[in-house]
Number of protein chains: 4
Amino acid sequence: MSGYFDHIAPVRYEGPDSDNPLAFRHYDPERIVLGKTLKEQLRFAVCYWHNFCWDGADVFGEGTFQRPWHSGADALSLAEQKMDVAFDFFARLGAPFWTFHDYDIAPEGSTIRESRENFARMIDRAAQKQEETGLQLLWGTAKNFGARRYMAGAATNPDPEVFAYAAAQVQQALEATHKLAGANYVLWGGREGYETLLNTDLKREQEQLGRFMQLVVEHKHRIGYKGAILIEPKPQEPTKHQYDYDSATVFGFLQKYGLENEIKVNIEVNHATLAGHTFEHELATASSLGILGSVDANRGDHQNGWDTDQYPNNVEEMTLACYEIIKAGGFTTGGFNFDTKLRRTSIDAEDLFHAHIGGMDTMALAFMKAADLYEQGELQRFVDNRYAGWEQDLGQKILGGKLDLAGLADYAVDKNIAPKPVSSRQEMLENMVNRVIFNRN
Amino acid sequence: MSGYFDHIAPVRYEGPDSDNPLAFRHYDPERIVLGKTLKEQLRFAVCYWHNFCWDGADVFGEGTFQRPWHSGADALSLAEQKMDVAFDFFARLGAPFWTFHDYDIAPEGSTIRESRENFARMIDRAAQKQEETGLQLLWGTAKNFGARRYMAGAATNPDPEVFAYAAAQVQQALEATHKLAGANYVLWGGREGYETLLNTDLKREQEQLGRFMQLVVEHKHRIGYKGAILIEPKPQEPTKHQYDYDSATVFGFLQKYGLENEIKVNIEVNHATLAGHTFEHELATASSLGILGSVDANRGDHQNGWDTDQYPNNVEEMTLACYEIIKAGGFTTGGFNFDTKLRRTSIDAEDLFHAHIGGMDTMALAFMKAADLYEQGELQRFVDNRYAGWEQDLGQKILGGKLDLAGLADYAVDKNIAPKPVSSRQEMLENMVNRVIFNRN
Amino acid sequence: MSGYFDHIAPVRYEGPDSDNPLAFRHYDPERIVLGKTLKEQLRFAVCYWHNFCWDGADVFGEGTFQRPWHSGADALSLAEQKMDVAFDFFARLGAPFWTFHDYDIAPEGSTIRESRENFARMIDRAAQKQEETGLQLLWGTAKNFGARRYMAGAATNPDPEVFAYAAAQVQQALEATHKLAGANYVLWGGREGYETLLNTDLKREQEQLGRFMQLVVEHKHRIGYKGAILIEPKPQEPTKHQYDYDSATVFGFLQKYGLENEIKVNIEVNHATLAGHTFEHELATASSLGILGSVDANRGDHQNGWDTDQYPNNVEEMTLACYEIIKAGGFTTGGFNFDTKLRRTSIDAEDLFHAHIGGMDTMALAFMKAADLYEQGELQRFVDNRYAGWEQDLGQKILGGKLDLAGLADYAVDKNIAPKPVSSRQEMLENMVNRVIFNRN
Amino acid sequence: MSGYFDHIAPVRYEGPDSDNPLAFRHYDPERIVLGKTLKEQLRFAVCYWHNFCWDGADVFGEGTFQRPWHSGADALSLAEQKMDVAFDFFARLGAPFWTFHDYDIAPEGSTIRESRENFARMIDRAAQKQEETGLQLLWGTAKNFGARRYMAGAATNPDPEVFAYAAAQVQQALEATHKLAGANYVLWGGREGYETLLNTDLKREQEQLGRFMQLVVEHKHRIGYKGAILIEPKPQEPTKHQYDYDSATVFGFLQKYGLENEIKVNIEVNHATLAGHTFEHELATASSLGILGSVDANRGDHQNGWDTDQYPNNVEEMTLACYEIIKAGGFTTGGFNFDTKLRRTSIDAEDLFHAHIGGMDTMALAFMKAADLYEQGELQRFVDNRYAGWEQDLGQKILGGKLDLAGLADYAVDKNIAPKPVSSRQEMLENMVNRVIFNRN
């Protein structure tokens, strides 16, 4: 083992009364909620990039973490050391899944061939690690945004050679994900957008992106990969505008390219808020459109206009989100991936544990509260009752196409209708939610 | 005539050197730009609601305008007086088009029947006014958001009777628009959204909205109306979240309900900025999706988070917008409608003139600058050149489906490709635009 | 009594397990927390304006509430009816305090004299009501923003006659507050800002505002009023920019006019968030500057850019806020005033109860959780320990003026210092807070 | 010379009709405007950090610029090469001033002593360069935010040793600025703020910051430096909240520590907009408070919530800003520093020229337009007239303390005053501004 985390004992569930800061208080992986264990419901994943690759640098300052594997002479042996540490961390934390980009786990070489060789070698090591530890892959992805060649986009680049380069990366990363039995493959288009319309052919770039997505789906079927393909919406940052702005935008795009039954979305909390939506809005929207795939669980800062990628810690917000997920039937291939990073001032090894423990406890508690809301059923009954008219004669005629616009006008005039407003009871319903969250159980 | 504006002479074009604040300095309606007169290109419309209905009240204070037609005993004769004043204003300003909601021009009665009678009567008067003045209708619409009955939505209301009421209003307003030879019919869903997901069935409401739109399109064809049906996107306000969030969202919605060839968008500047987009982004997006219909020309305040509906006065911003409109081929049925309101401290009759003159001069100057940009062609040549690779062998193979993902990976590896980044020249292009805007012509 | 609320029983504390939606689950007024009853700690107040004056209208739609006292022939008798209803509501809810603007309780007359007479008459009635019910006044204020005359400001108006009018209103409202034994007098400058710098003399307006505040303070002392004078910061809305932007801005203003020991701030949650701050930031800032006075407890919507004035329902957010208040020593003259309004679709009498019960339970629970945090002391110990160096030699020398810049440079160079970064433990501390909020007690 | 820019000819003024993209079209340094040359009025400075230190990396991707001086074995000789290139750029561009941080021009060593030696050596070289080229220093500053030691603040760090380190840096940088005859010394507290209140002693940190500022001012006087000390406000980023939030906040802080006559502000456009203000608001505020020092000319992106630091290109926005500067008397020690960076896709040497030429032409044109507005005087006359009442009897009595609150109330009641609202003419004034900007001259 790596030794880096040796001073930290594997994290255990100790219950709400524990005052051990390095134990779970709410996440009991074996607890049965809505017919499955919490482990099965939540499908927690730890990401590779923020935790093991990022050095703590931001736009205004140098790295602060100084992990042993961050500097050294031989890139490949550093990558191996990093993977040992990462899997040790996953195991000590007790997360069942992990997630990665191709060049998180393997160093880029000086040519595409060398890069692919490095990646192939590290995939083998990851497969072995998975086998040794029982850890599973929630999803893999390719880093089509970090290198200089992608500065003006990958699939949407003005240069088709860059498209080809990106395609080659995705082909290898998708096959790697297949090999590692990843439950999903994710596409986040960090540079698939524009900086200014002055130098951009918006329509052409979207055509390129549509073709790229079709290629990925075609390849998936060709190689027999059964996992889900997911697009991760984000409105902006690093680009001024990203084409996969939010779930509704992605849905329009998917329909245009005939992909609405092939690709779902991986919704990130902080990306939702950057797009001007609540997280639960994005979940409800994706669910209503049939494209809810997986979740990047984190949180943004309502006062800061960039992706802060903090660990989720708001049980009230997450309860509403989990309620939408439960109503949608829960995760199938998806899960909660912590696409989260430490504050750069949290420089110790144990901070990685505090952060993930807090995130996992928050999501577990929120999920249990949401399950209570769901099982208790009051909210749903209120909503069903509110729309009851649509199950009756007039509503069914309208939706069933039995009344046209003129027919509706005649109906209204003949009856001289004067519909009576009914209270929407927003405040009462908000209290109802808090009653479940702050009960004594 | 009404007398209210008698002290203000009809507004004339006097050229850039004029220092008459009540003359046009840039909007010369007969000037030929890109093969048509500016009048034909810009198709300016003055809206009825902000100018003649709104009394200057805001959430924190009472009305300030105190127009003679704002208070009095008999609603119908006030409505007639208001229409006289409005058409007098249109004529003195020299705007070729107007726009209205049903209950802008007619008072709501105590029953739906009475409301329809009032509206029918005022439509007749409007038809007569149009004939007398030569003024044309850019678009009509129904006010499906102001009345108490619509507090929880119109088409998306939990009560199908409210849907029927809204349908009756739209049927009459659409037929009125047809009768008045309106070039378009607009739907803005001010309450078609939600306040909280707790009391909302998101999927059901969207189904209702989809059916509503289909009904409108079916009725349009049935009555032989040839104008365009337009949805006006807005992300929020008054609701927390409005379903027609932005152009991309509307496009996804239209596809879902098979309406993408039937309905276009009416894009408002301030709605674009509230949705986190530039105005030119919304135009370029709608154009690339084939749904660019018309424009509500106004401006928001970048520091204030609500719809301020100010008059456009930023030539630089509007030049970029007009450039997108010109690239899209210019308006067909659409035009520039000033969905704008006076600051509530601008209480005099002449303020209405200052405001519209400023807006029309801004748009005219911006359109001429954009035409210069377009005719000069440098920007377009830069863009064409930037993507030239996509017209060559590799690009054509990718877009033509001649290379699959594995084929692309083989290509990349066999050639050991290392695409060379090329400067995107954003700053140079921004200078190029300013060179056209601030030339001496 | 008024009869309007007769069907709703007085609200009682029934404990966390109650499922009576019209009972308190957390607000037990007699429970002792940190040495006082919750009633004494929280000092809840119900506001007059949103609850009894506002009719549910917004910018896009008409009133929805249709309370009996909203329409009728005689303004004064409607005002009396409204006051009866209001005091009945206060009593049934069990709030110990109320708050009002002058023209909330009295109708404006057609002249200033008539307005003052109306107000004087209603003050007498309020005094009698207070005596009958035992209810107390948390604060009074004057409505210097609603009337047309204030459209361009009150104290900051270009016309000194408007200043005089506002002064007369404040003089009467301040004396009324004195008479009603109000604990504070609040000044919110809804129109004390600007719409555009083009027509504004910023410096002059601030001088006017400074003089106005001095006049109020002088009058307070002259009449022997012992309550606190409070300014309520808000960054914008209705104006583009309001001079009392946030607590730090107000502090700078107060110092400039020699008022920093005379005036404190009344901080509103939603005003804090509109200014780009968390609520707890505004509290901590005001506390650190010695100007924390009172609180308008509500919440904004993080996705909407205007003052939504919703009822507080986020226990986690409010716990952090209460923690700052407790650290500051708790309220003296201040309290939690619910400057909150129903969603306009919550049209029933009982919605007013649901809303306030939710708000009071949220604040009570948050206060108890914050008291736990405070008494447990872990957070404070962490902070004290973090800054311990400042209590030692070097720190004390720096703060005590014993080392100048050159001396500090010498110290650094002589010792060749290399300070060692220490983890800030943000994630651990966030978990610590959640541990207290979601414990089982 | 460095050779890097040899292919680019020195930039000349060629007038508005030039189509040479590498010439000035508006910035004619010798043109007399308001009694001085444009060179003297605008005092343009080029910054060292974004142009010569930054490698094009962002949070999501690696460096893109690959300048020759960005990598190599010997840090000091790279620094020398960089300085040669920088001064060559300044000269070819024709900017009269430059700006720098200590560790922009000198590499940090492994100890504070080595860092100071490096810096001392590079200061000598800079002095020599200045002498050779005639270039002047607009301001110097110290980089108290980039190094790991500053991750939790410099002056506001929990560790007084870090304060001492920062003090040593500022002492040397201030003396260097003195030696280089810098017109100002700037303090930007990139980490002087907090990430979470949970680990922060807000009051203590502000005391530390206040003492730090006093130390700097004391040292300035001690060494006889006559330039201005400036604080650069920024609301957030990199920290969640920065103490120097905006000009009004800084003014409150300065008064608290007795520094309001010693320190002014350096206002950055993009920092203003991040704080929720227009740039002209910040200028007008600082001017009205007597603390307007200098300007960082750049622009933000209204849709993106981080500091994009783009080059100014909006003449209309900058005209309003320059108008405030001219009304304030123009710059004394201050100037326009381009704290701007290339888009990371603008990778060529010539992009640095396009960008600065665009920025300088924008500011020059805006300044000339603002001078026209100022000389023409219409705006000022409107404003003076609007407030004329304050120069008359009632206004003078109020401001002169001749009327107290009771006296004002008596005045209002005795006269039964009913002040008459007057139109604020916002739209007319906006047109007036556009008339000047888009005249033919």
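Which residue of chain C forms a salt bridge with Arg191(B)? The partner is Asp58(C), and the closest N and O atoms of the pair are 2.8 Å apart. The notes below start from this pair and should be read with the reminder that the model is predicted.

1. The contact between chain C and chain B. The salt bridge of Arg191(B) and Asp58(C) belongs to an interface in which 4 salt bridges are found between chain C and chain B. The residues on the side of chain C that touches chain B divide into 10 nonpolar, 11 polar and 11 charged. There are also 20 residue pairs in polar contact between chain C and chain B, both residues being at pLDDT 80 or more.

2. The extent of that contact. In this interface, 32 residues of chain C are in contact with 31 residues of chain B, and the area buried between the two chains is about 3000 Å², of which carbon and sulfur atoms give 54%. Within chain C, the residues that lose the most area to chain B are Phe60(C), Arg148(C) and Met151(C), which together account for 26% of what that side buries.

3. The contact between chain A and chain B. Here each chain contributes 95 residues, and about 8400 Å² is buried between chain A and chain B, with 64% of this area on carbon and sulfur atoms. On the side of chain A, Leu198(A), Tyr387(A) and Leu405(A) lose the most area to chain B, and together they make up 10% of what that side buries.

4. Polar features between chain A and chain B. The count of salt bridges between these chains is 4, and one of them joins the side chains of Asp404(A) and Arg222(B), with 2.6 Å from N to O. There are 36 residue pairs in polar contact across the interface of chain A and chain B, again with both residues at pLDDT 80 or more. Helix α7 of chain A, residues 202-223, gives the most to the side that touches chain B, with 11 residues, and by class that side of chain A has 48 nonpolar, 24 polar and 23 charged residues.

5. His101(A) is placed in strand β4, residues 97-101 of chain A, and is counted as buried because its relative accessible area is 8%, which is under 20%. Beyond its neighbours up to four places away in sequence, His101(A) touches Trp49(A), Thr141(A), Ala142(A), Lys143(A) and Phe145(A). Asp104(A) lies in helix α4, residues 102-105 of chain A, and counts as buried at 3% relative accessibility. Setting aside neighbours within four places in sequence, the contacts of Asp104(A) are Tyr48(A), Trp49(A), Cys53(A) and Lys82(A).

6. The unreviewed UniProt entry gives Glu268(A), His271(A), Asp307(A) and Asp309(A). These positions are spread over 42 residues of sequence, and yet they cluster in space, with a largest C-alpha distance of 10.3 Å. Glu268(A) is found in strand β10, residues 263-268 of chain A, and is buried, with a relative accessible area of 2%. Leaving out neighbours within four places in sequence, Glu268(A) has contacts that include Asp307(A) and Asp309(A).

7. A closer look at Asp309(A). This residue lies in the loop between β11 (292-296) and α11 (315-327) of chain A, and counts as buried at 4% relative accessibility. The side chain of Asp309(A) makes a polar contact of 3.2 Å with the side chain of His50(A).

Notes: Residues are numbered from 1 along each chain as its sequence is written. Chains are lettered from A and ligands numbered from 1 in the order in which they are written. This is a predicted model: local features need pLDDT of at least 70, side-chain atom pairs count only at pLDDT 80 or more; totals for chains, interfaces and linings use all residues. Side-chain values use heavy atoms; hydrogens and water are left out. Helices (H or I, at least four residues) and strands (E, at least two) are DSSP runs, numbered from the N terminus. Buried means under 20% relative accessible area, exposed over 50%, partly exposed in between (1.4 Å probe, protein chains only). Contact means heavy atoms within 4.5 Å. Buried area is the accessible area (1.4 Å probe) that two parts lose on being put together, summed over both. A polar contact is a pair of N or O atoms within 3.5 Å; within protein, one must be able to donate a hydrogen and the other to accept it, and residues adjacent in sequence count only if both atoms are side-chain atoms. Ala, Val, Leu, Ile, Met, Phe, Trp, Tyr, Cys and Pro count as nonpolar, Asp, Glu, Lys and Arg as charged, and the others, Gly among them, as polar. UniProt positions are given in the numbering used here, feature names are shortened, and annotations may be inferred rather than shown by experiment.
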